[in-house]
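Subject: The three-chain model, with notes

Hi,

Here is the structure I promised to pass on to you. Please have it open while you read, as my notes follow below.

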Amino acid sequence: MTTPALALSNICKRFGSTEVIRGVNLTVTPGERHAVIGPNGAGKSTLFNLISGLMKPDAGSIALKGDDITATAPWLINRRGLSRSFQVTNIFHRMSVWENVRAGALWAAGQRYAFWRDADKAREVATRTDRILADFDLADRRDAPAGILTYAEQRALEIAITVAGGADVILLDEPTAGMSRAETERVVGLIRRISESRTLVIVEHDMSVVFGLADRISVLVYGEVVACGTPAEIRSNPRVREAYLGEEPH
Amino acid sequence: MLELIIISTLNGVQYGMLLFLMASGLTLIFSMMGVLNFAHASFYMLGAFLGFQVTRWVGFWPALVVAPAAVGVIGALVERYGLRNVHRHGHVPELLFTFGLAYVIEEVVQMIWGKAPVDFRVPALLDFPAFTVFATNYPAYKLFMLLISISIFIALFVVLTRTRIGLIIQAALTHPHMVAHLGHNVPLVFMSVFGAGSALAAVAGVIAGPALVTQSNMAGLLGPILFVVVVVGGLGSLSGAFAASLLIGLVQTFAVSVNASMADIFGFMHFAPKAGSILGDLWTVTLAQIAPILPYLLLVMVLILKPTGLWGTRER
Amino acid sequence: MSGAVTIRSALAVRPTARTLISRHAPWVAVAAAFAVLPLMFRSGTALTMMSLMGISIIFALSYNVLLGQTGMLSFGHAVYFGLGAYFAVHFMNAVATDGTPAPLPVVPLVGGLGGLVFAIAFGWVSTRRSGTAFAMISLGLAELVGSSALILRSFFGGEEGVTTDRTRLQQLFGLSFGQQIEVYYLIAAWCLLCMFLMYRFTRTPLGRMCNAVRDNAERAQFVGYNPQAVRFLAFCVSGFFAGVAGGLAAIHFEIANSAYFSATQSGNVLLATFIGGSGYFFGPIIGAVLVSYLQVMLSDVTEIWQLYFGLLFIVMVMFAPQGIAGLLMMHRPLWGKRKLAKVVAAYAIALPPALIMLAGAALSIEMTYRLSVKAAEGPGMTFFAVSFATDRALPWLTAALLMVGGFVLFRLTWPVIAAAWASAELRKEWAR
């Protein structure tokens, strides 16, 4: 039995008197594409916040590649190989697109807090950044301040920053939110490519994306995982249908 | 000794309440609008000077009403035509705007009234000793100051918790967008709160003016202490501001009355740091001499131990 | 650096001779300018002013490492400036008596180390908070240090401060640095060095992450960086260079006193950096030069120049927060396309009404000043060589007319400026 890329055991989180996450157990195998779906307010973003270190769980533990990362600082978790994107675009709006992606790659390239050498001289980081920009079709916008990009371009940049560091485990929070059909298809192709040899956990509302991309799906309702399985299993699961009020995947 | 303690406690509480009078307005404005009004102490100073001027022309009692009202209007106008425009640029420009405002207000006050202290006197009606504690007379005016501070505090508490406008303000403190969606005129609320906060500072100025020195450096002297109060109490917490105001008021007042230094206390031990060295200075300095910097030492301590402030919760 | 859009070809494997020259040319030009300036402006006042400008430039640039680069607003930066000065003065005095072979050019480094030591100590405490709280803490720390200056008399010398004599140090190449011109060149050399180092800093990984933390500290966490650590390191760099500036000031004035820590000193560097423009590397340089110049020149023209200063600051915060550098760079697309003429012509039309309006405002302010504090000196005064009495109605009416009339006319020219910009037909390259 291989060490799971990500293992959540009995995670609980409450805000005030409201229990938002109640005893979530989740295991993601390395290389898997795992989707987390559920109705609004189910706690999906909170789950991501707990995993990535933005919030501390009240109970339970989280393990990344076998190492415990519960209540660890976000940057330490990132350095161990977990990277996440945000539902509300969270980029460095005054820096150029190129700089944004490079910022995502700096630590992983070993640059750390170096203040004695020119960052531009780090060839590997530069070529890596160029490659990612090309992959994400942002190369012609490389010098534009990130703040003025279109919404879809910013969402793409958001993901680009997330993968720039070469993390093994990638968390994407609603990457296609607000996109048109064409844009969504493009991004899905992109996500499929970048998650080739990595572990992907993705929160999504768009069912076609979920069923087209995921190896396994977990369904989160009111802070609990009510079902976990392959897309076919989930599609035919009565509890899931009930949670979505009989909503047909389209 | 007991006399000293009683007098110092009275003075400390009175000073603390004065600080709270200002810190409460500052905290309300900060909680609601996210901007720490650097010019808050300047409004205090304006209150003192306008109070002085109106007292000269008409009398102290009208000044007590007119000066805060005038400063309140100025504050509301500043919010409406100044701060609101800068808001879209972000928090740093907002803080810079209020910083510039403080700078300009000090210059204007200096321009009009000069750099020397002005003769703002205690009104004759209150110029008598209220009671005697052992051998010291406690002036009635200070009692008056304490009374005004406490009544305003009570009024504030009642307004915020028992009236409709108070509920709206409390809601807007944490969820301004939601309050706007509910149909309340949030810009008007902001303008009123800013104006009211400024008026509160001005009241503090009018009543403190006769007791403390009314001079154009008033804002520069009290401002930093005020900001220490809100940071130590926890940015955005009214109860924290109250506790921190009292704490700092008492600590400073007690310290000022203690003329002891380390040398006095430990002098019986037959060693002492060399005079003329840094340790020597620290050895001989009296508590009264370092009283002005005690708030800042408290700030550093709180920062090390509990960075969000004693009552603080949110990181802004 | 920071918000400036940089055009660069990172795919070039080896820099061509042309890029090498274009990269280093500005520095050579600045060095040449520094060298030549004293030959153009020979008077003692000019030399002193240029020396002060050099010190201010370093100080303002160090401040912008915090403000423009890392997004940290500090109200107490003068602490490191002052501490640097004190360390430098004590070092100079110690060396002069010991006879240690340490020449004067080394002294600013001592100042820098003094600033650095305290930046590490205070920075560790201050950077635990960010934003508004950080600003207030910087204010509190400044008060703490400023007040300590009167308590720790042995180090700070009480009210009189600590004096020194820069000529008593070991001479370098026979220079005793007694003359102002020699001090100028020392300051200019250090200024050039500090400018270069701070510019290079903006291009380091840490420098870039400072920008990232400024733009989005939360996101920076998720790319592997501890925002507090980044801020702390930026704070240390900033404190070091502020200390260097302080050391140079100590050399120039041959004294270190509590005025170095004053709120005015902290406020002035903030004003200079902001007015110059915190979003571009050269912004603080412009601001420092301008503020130094105004401080010396304006104080001869009017006694309340500080009020005008504050008003200028507020106006810029409200209408031009990008500063002078930002305003200049806003016109950059125009330079490239040679469409500057139309826009400049529009500005030329708008200038006279604006000046009239400003004259009216200045007149009102000066008259108010004369009436209040200066009342003892009588109501007569002159304004731009026109004499009148302030207790008459006419000057007041004139002032009001100039202000209102000037504003109205100025307002009328705004569409002209807008039209000029529109006709420049800038294809907005970035926005689609």
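Two strands count as paired if DSSP finds at least two bridges between them. With that in hand, look at Phe15(A), which stands opposite Thr18(A) in S2(A). Please keep in mind throughout that this is a predicted model.

**The sheet in chain A**

That residue pair belongs to S1(A) and S2(A), antiparallel strands joined by eight bridges. They are part of an open sheet of four strands in chain A, with the order S2-S1-S4-S5 and antiparallel pairing. Strand S2 (18-28) and S5 of chain A are at the edges, and each has a single partner strand, so one side of each has no neighbour in the sheet. Helix H1 (residues 44-52) of chain A packs on this sheet and touches S1, S2 and S4 of chain A. The direction of H1 makes about 65° with that of S2(A).

Further along the order, strand S1 (residues 6-15) of chain A pairs with strand S4 (residues 59-64) of chain A through five bridges, again in the antiparallel sense. S4(A) and strand S5 (residues 67-68) of chain A run antiparallel and are joined by two bridges.

Chain A has another hairpin to look at, made by S9(A) and S10(A) with two residues between them. In its turn, Tyr222(A) has a positive phi of about 45°. Strand S9 (residues 216-221) of chain A and strand S10 (residues 224-229) of chain A run antiparallel, with five bridges between them. Here Ile217(A) has Gly229(A) in S10(A) as its bridge partner.

**Chain C and a helix pair inside it**

Chain C has 16 helices and four strands. Its C-alpha trace spans about 70 × 65 × 45 Å along the principal axes. For 432 residues, a compact globule would have a radius of gyration near 22 Å, and the 24 Å of chain C agrees with that.

One helix pair deserves a look. Helix H7 (residues 180-202) of chain C packs with H9(C) at an angle of about 175°, and their axes are 11 Å apart. That angle makes H7(C) roughly antiparallel to H9(C). On the H7(C) side, the residues that meet H9(C) are Val183(C), Ile187(C), Trp190(C), Cys194(C), Met198(C) and Phe201(C). Facing them from H9(C) are Val237(C), Phe241(C), Val244(C), Leu248(C), Ile251(C) and His252(C). By class, this contact has 11 nonpolar residues, one polar and no charged ones.

**How the chains meet**

Which chains have the most contacts between them? Of the two pairs of chains that touch, it is chains B and C. Their contact takes 39 residues from chain C and 44 residues from chain B. Helices H5 (131-151), H6 (153-156), H10 (263-276), H12 (305-319) and H15 (340-372) of chain C each supply at least two residues of the side that touches chain B. The largest share of that side, 14 residues, comes from H5(C). By class, the side of chain C that touches chain B has 24 nonpolar, 11 polar and four charged residues.

Chain C also touches chain A, with 33 residues of chain C in contact with 39 residues of chain A. On the chain C side, helix H8 (205-221) and helix H9 (227-253) each supply at least two residues. H8(C) gives the largest share of this side, 12 residues. By class, the side of chain C that touches chain A has 17 nonpolar, 10 polar and six charged residues.

No contact joins chain A and chain B, and their closest C-alpha atoms lie 13 Å apart.

**Confidence in chain B**

Chain B has an average pLDDT of 84, and 94% of the residues score at least 70. Where pLDDT is low, the predicted coordinates should not be read in detail.

Best wishes

Key. Residues numbered from 1 in each chain as written. Chains lettered and ligands numbered in written order. Predicted model: local features only at pLDDT ≥ 70, side-chain atom pairs only at ≥ 80, totals over all residues. Contact = placed C-beta atoms within 7 Å. Nonpolar A, V, L, I, M, F, W, Y, C, P; charged D, E, K, R; others polar. pLDDT = per-residue confidence, 0-100. Axes fitted to C-alpha atoms, helices over the stretch in contact; angles between N-to-C directions. Parallel < 35°, antiparallel > 145°, perpendicular 65-115°, else oblique. Rg over C-alpha atoms; globule rule 2.2 N^0.38 Å.
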